[in-house]
Amino acid sequence: MMSSLNFHHLRYFLAVAREGNLTRAARNLSVSQSALSTQIQMLEARLGHALFERVGRRLVLTEAGRIALDHAQAIFDLGEDLLTTLRVGSGRRQVLRVGALATLSRNFQIDFLRPCLGRTDLEVVLTSGSLVELTGMLRRLDLDVVLSNAAPGTGYADGLVAHRLARQPISLFGSPALGCFATTPAEALMAHGVILPTGASNIRTEFDALCARLDIVPSVVAEVDDMAMLRLMAREAIGLAPLPAIVVRDELDAGSLREVVRLPGIEETFYALTFQRQFQSPVSEELIAAASHWLA
């Protein structure tokens with residue numbers, strides 16, 4: 001067995017990965033299909049993993065194939081750097097692909113990513129979407145980790161691992177201009193209207209249950225599905241908003257919002273979701289480990 005990788009094998013591998021077809025790749029490389037197939041088999045033997053699986057008429061990358069593709073592209077990109085001009089830095093950077101719920105707190109996202117921000121060897125690609133969209137991308141290995149305030153429901157959790165990172169109590173927050181000095185949730189809700197997340201939110205579900213227990217029908221002045229808009233509307237002094245403190249951290253520091261009263265029994269839980277795979281992103285594992293101290 002050779003002691004180092006054969007770069008011709010990598011170039012042939014790249015061609016097949018791009019085409020998904022041996023015949024077209026062989027034609028582009030001006031080699032026979034059998035010769036190309038032999039070169040791919042030699043590379044797989046050298047790496048110890050199958051790089052392709054056949055799906056219909058196409059050759060589709062396995063998980064090991066995706067990892068090999070990233071590294072092969074990095075090798076040839078670095079070669080291009082050498083052939084053109086010397087650049088500051090070490091060439092092509094690692095890529096961390098993070099998904100986050102579109103409604104998730106931006107402060108939570110930045111707190112999670114902060115340990116890796118500014119690294120010259122790392123590029124962060126952040127994608128937002130729904131939980132179903134993002135977990136689908138996670139299963140296809142298009143994402144390394146998904147940040148969420150909800151664990152996958154029944155029927156969607158196969159192969160997914162939910163790392164619980166933090167629990168935050170929910171309080172009613174409002175502008176100081178409202179002049180609310182209630183000492184209980186009932187007092188606050190009877191004195192002021194509320195700005196609520198939509199019914200799809202865990203906070204909304206638990207808030208409605210609390211109101212039922214207190215036998216209170218709150219005056220709802222607005223309903224929104226985005227935490228950023230929720231805090232902005234709260235700053236306009238039109239009502240109180242049930243939120244975790246992390247969402248309004250900047251407003252609390254600036255004095256534009258204040259905590260009125262904590263809502264008993266209501267919490268928001270934050271997760272990092274990963275997919276059970278042979279090759280985990282080491283950067284995402286480092287970030288999850290660094291965030292583990294957030295748990296109460």
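Predicted model: local features only at pLDDT ≥ 70, side-chain atom pairs only at ≥ 80, totals over all residues.
Local features rest on pLDDT of at least 70 and side-chain atom pairs on pLDDT 80 or more, while totals for chains, interfaces and linings use all residues. Residues are numbered from 1 along each chain as its sequence is written, and side-chain values use heavy atoms, with hydrogens and water left out.

The protein chain holds 11 helices and 10 strands, taken as DSSP runs numbered from the N terminus (helices H or I, at least four residues; strands E, at least two). Its C-alpha trace spans about 80 × 45 × 30 Å along the principal axes. The radius of gyration is 26 Å, whereas a compact globule of 296 residues would have one near 19 Å (taken over C-alpha atoms; the rule is 2.2 Å times the number of residues to the power 0.38).

Of the 296 residues, 42% are buried, that is, under 20% relative accessible area with a 1.4 Å probe, protein chains only. Among contacts (heavy atoms within 4.5 Å) with a separation of 6 or more, 75% join residues 24 or more positions apart.

Turning to the helix pair, H2 (residues 22–29) packs against H3 (residues 33–47) at an angle of about 105°, the axes lying 9 Å apart; axes are lines fitted to C-alpha atoms over the stretch in contact, and angles run from 0 to 180 degrees between N-to-C directions. The two helices are therefore roughly perpendicular, a label covering 65 to 115 degrees. Leu22, Thr23, Ala25, Ala26 and Leu29 of H2 meet Gln33, Leu36 and Ser37 of H3.

Key:
Parallel < 35°, antiparallel > 145°, perpendicular 65-115°, else oblique. Buried < 20%, exposed > 50% of the residue type's maximum accessible area, 1.4 Å probe, protein only.
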